[in-house]
Amino acid sequence: MKKIIRTLAFALVAALMLVGIAGCKSKKDNNSGRNEYAASSGTQMTEEQADSLANSMTVKLYYSSSDKKNLVTESTLMNYTSKEKKTSRLAFNVVEKLIAGPKNTSAATNLFPAGTEVESIKLQGGCAKISFNRTFGEKMNLSKEETELLVQTITNTLTELKDVDSVKIVCAGSEMGTLSNGFDMNATFKRNQKCVIGTAAEVSADTVDDPYDEKYYMDVPLE
């Protein structure tokens, strides 16, 4: 009799263990407790890679086309820390990437003067006020059309951020006025998707981007 009781006790303990294991598995597989970037069964993504993607976003940068007549885009992955989730900090990092220039230099060109740096970016009611260093103004040697393209590369890139709908550009904290080529740098600039003809990887009239839509925004929870 004791042997039967002991056997039943072991069976009960085993059953409870199986229930506990099943419960743990169910909780782990539950969407609320799973990293949304975790690898699926058919991929080889490591936990470290999944964690890094959780603090990354795809950034769409705008550059002048090689013929300096339109804009083309390049996408790149940008990492950010929890302290860089404010719009102004993200905007600063994005423009720094833009200044660094395109990866595909055969299809796109960088119109920023050599030595250009971002001093600050402040968000004021949806307008991103960006201040470049003095080099930006002193070494800018562009035609009116090229200047307009440069301004549009900055504006289109920054308005990828949800909280930005216009851009104001100054140099060393001061307005630049009307340049010698006739371009008014004191204006507040808006996004222009019509001048975008495609990606830097394939610049063609047949690769026109879809009209600007919210799906193009840099989707990151801002603080």
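Student: How many residues does the protein have, and what share count as buried?
Tutor: Of its 223 residues, 39% count as buried. Keep in mind that this is a predicted model.

Student: OK, what's the layout, how many helices and strands?
Tutor: There are five helices and seven strands. Starting at the N terminus, the order is α-α-β-β-α-β-β-β-α-α-β-β.

Student: And what share of the contacts between residues at least 6 apart join residues at least 24 apart?
Tutor: That share is 60%.

Student: Let's go inside. How many residues are in the largest nonpolar core, and which have the most contacts there?
Tutor: The core has 47 residues, and Phe132, Phe136, Ile154 and Ile169 have the most contacts inside it.

Student: Which elements give two or more residues to this core?
Tutor: On the strand side, those are β1 (56–65), β2 (71–79), β4 (118–124), β5 (127–132), β6 (166–171) and β7 (196–199). The helices are α3 (87–100) and α5 (144–158).

Student: Where does the largest share come from?
Tutor: From α3, which supplies seven residues.

Student: Which of the α3 residues are buried?
Tutor: Thr87, Leu90, Ala91, Phe92, Asn93, Val94, Val95, Leu98 and Ile99. Their cover includes β1, β2, β4, β5 and α5.

Student: What happens just after α3?
Tutor: Gly101 comes there, with a positive phi of about 100 degrees.

Student: Switching to charges. How many salt bridges does the structure hold?
Tutor: Three. In general, side chains of opposite charge can pair when their charged atoms come close.

Student: Start with Glu146. What does Glu146 form a salt bridge with?
Tutor: Its partner is Lys68, with the closest N and O atoms 3.7 Å apart. The two sit in distant parts of the chain, 78 residues apart: Glu146 is in helix α5, and Lys68 is in the loop between β1 and β2.

Student: Is Glu146 buried or exposed?
Tutor: Buried, because its relative accessibility is 18% and the cut-off is under 20%. Lys68 is partly exposed, at 34%.

Student: What else does the Glu146 side chain reach?
Tutor: It reaches the backbone nitrogen of Ser143 at 3.0 Å. Beyond residues up to four places away, Glu146 touches Leu111 as well as Lys68.

Student: Next pair. How far apart are the closest N and O atoms of Glu160 and Arg191?
Tutor: They are 3.0 Å apart.

Student: Which residue meets Lys168 in a salt bridge?
Tutor: Glu175, at 3.1 Å from N to O. Lys168 is buried at 14% relative accessible area, while Glu175 is partly exposed at 48%.

Methods. Residues are numbered from 1 along each chain as its sequence is written. This is a predicted model: local features need pLDDT of at least 70, side-chain atom pairs count only at pLDDT 80 or more; totals for chains, interfaces and linings use all residues. Side-chain values use heavy atoms; hydrogens and water are left out. A nonpolar core is a set of buried Ala, Val, Leu, Ile, Met, Phe, Trp, Tyr and Cys residues joined through side-chain atoms within 4.5 Å. Buried means under 20% relative accessible area, exposed over 50%, partly exposed in between (1.4 Å probe, protein chains only). Helices (H or I, at least four residues) and strands (E, at least two) are DSSP runs, numbered from the N terminus. Contact means heavy atoms within 4.5 Å. A polar contact is a pair of N or O atoms within 3.5 Å; within protein, one must be able to donate a hydrogen and the other to accept it, and residues adjacent in sequence count only if both atoms are side-chain atoms. A salt bridge is a side-chain nitrogen of Lys or Arg within 4 Å of a carboxyl oxygen of Asp or Glu.
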